[in-house]
Amino acid sequence: MSDDRTHDVVVWGATGVAGRFVAEHLTERYTPDELSLAVGGRSRERLGTLVDDLTERADAWEEIPTVIGDATDPDRMREIARETRVVCTTVGPYTTYGTPLVAACAEVGTDYCDLTGEVNWVRESIDRFHEVATETGARIVHSCGFDSVPADLGTLLLQSFAVETFGAPCEAVRIYLEEGEGGVSGGTLASFGELFEAVATDPLAERTLRNPYSLAPAGERSGVDPGEQRLPRWDPLRGAWTAPSPMAPVNERVLRRSNALLGYPWGREFDCTETVPTGTGPVGAVTAGAIAGGLGLFSGAMSVGPLRDGIRRFVFPEPGTGPTRAEADAGRFTVGLRGRGTAPEGTFTVEAEFGADRDPGYGATGQMLGEAAMCLAREEVDSPLDGGVMTPAAGIGLPLVERLRAVGFTIDVREAAEGRE
Ligand SMILES: NC(=O)c1ccc[n+]([C@@H]2O[C@H](COP(=O)([O-])OP(=O)(O)OC[C@H]3O[C@@H](n4cnc5c(N)ncnc54)[C@H](OP(=O)(O)O)[C@@H]3O)[C@@H](O)[C@H]2O)c1
């Protein structure tokens, strides 16, 4: 990448709920001497107000350049990509607004990271831009927020520890949404609605959600893992009941892509499941059933056109609304991971946790995306790939864990108490 680019990082969509958290994180954590930052969006006026707020909050910043354009204008996206080392975007729904920017970054060799959980759109991005991004050396790293950094990097950490300690990776990894306190924004729900709309109307999107390996490279889109859990289930590795996780359809596919892009270090038969643990005994079973039933009902309603339209129009809040800074600061989350593997001496169990004292989807997501952009801008990546459409684990890797620890995340890995058998 050439060094004559004007900006290290552009936070594109900085006037939105998630974008603002990213911009606040970067200006509070870094100084203008350390980072040449710009904020971007479609409204000069809203960007001006944002810059006033940011410079008031963070003493080190007297001014912050703004970059203005419409996300649907390919020429403008190309201009922005050309003058930037890393574009970090929160302009969603990505299915609606994201493609011209990815196309531009892939074409001109600019690194890119986003917050998408729209797997249908990630699949489109892989099919259309992986090859060109590989040629230009652009790192296009999708899903750098709560979807899918804790699951993806948590698994990378767990597997690296297993290989270092026992000489073998885990054959199975379970990811648990242990606890969380936080809000949801209109933009996230709009993106969720867009995903259901795509699945109902676009056969490729429907196939993407049906195939657990749909984000793997072309020619490698099959395997033994049956995909996400849909019913309550007793988890022997945890010793507890578990319910389906609403994020599993995204996170599990991202993990399978990571394994493939890394060259299958976790084995071709690697099996991963993300769930919500609900405890032991009848209460655990009933709670798991209630969560599974609720999710099933919601998905069912969202797959019926008129119901979906009604929910999107009358139930989901408007884009632009979401948690405040005070609400985000009061939140927290923990994602737990457990893995079981087989070494020459016998089986082993390892565990990890990945959490922060911030709302997962906004406060902590702002830090995750901001630090992902910093890894790309500083070329702090541990990846076998020089470019392409990537995941956080395969495109950035453990350097992002180090940066997140440095901003206060709790990220630990160890041998489980029951250890070796
Ligand atoms: N993975 C995760 O953990 C996670 C967490 C949070 C959010 N997200 C995702 O992040 C995305 C953003 O969510 P949000 O709640 O921040 O949404 P939001 O508040 O609606 O913000 C969207 C941003 O996009 C800008 N924008 C919209 N249309 C544009 C256009 N045509 N050209 C240029 N800019 C445009 C908006 O500008 P204006 O201010 O001018 O309207 C705003 O800055 C969603 O897709 C959401 O699902 C993911």
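E28 is partly exposed, with a relative accessible area of 39%, where buried means under 20% relative accessible area, exposed over 50%, and partly exposed in between (1.4 Å probe, protein chains only). The side chain of E28 meets that of R325 in a salt bridge with an N to O distance of 3.1 Å, a salt bridge being a side-chain nitrogen of Lys or Arg within 4 Å of a carboxyl oxygen of Asp or Glu. R325, at 19% relative accessibility, counts as buried. Because R325 lies in helix 13 (residues 325-329) and E28 in helix 1 (residues 17-29), the pair ties together parts that are 297 residues apart in sequence; helices (H or I, at least four residues) and strands (E, at least two) are DSSP runs, numbered from the N terminus. The model is a predicted one, in which local features need pLDDT of at least 70 and side-chain atom pairs count only at pLDDT 80 or more, whereas totals for chains, interfaces and linings use all residues. Residues are numbered from 1 along each chain as its sequence is written, and side-chain values use heavy atoms, with hydrogens and water left out.

Over the whole structure, 33 salt bridges are found. One of them joins E252 and R256 at 3.1 Å, N to O; both residues lie in helix 10 (residues 248-261), four residues apart, or about one turn of the helix. E252 is buried, with a relative accessible area of 0%, and R256, at 4%, is likewise counted as buried. Salt bridges with shared partners also join R20, E24, E28, D53, R57, R325, D329 and R358 into one network.
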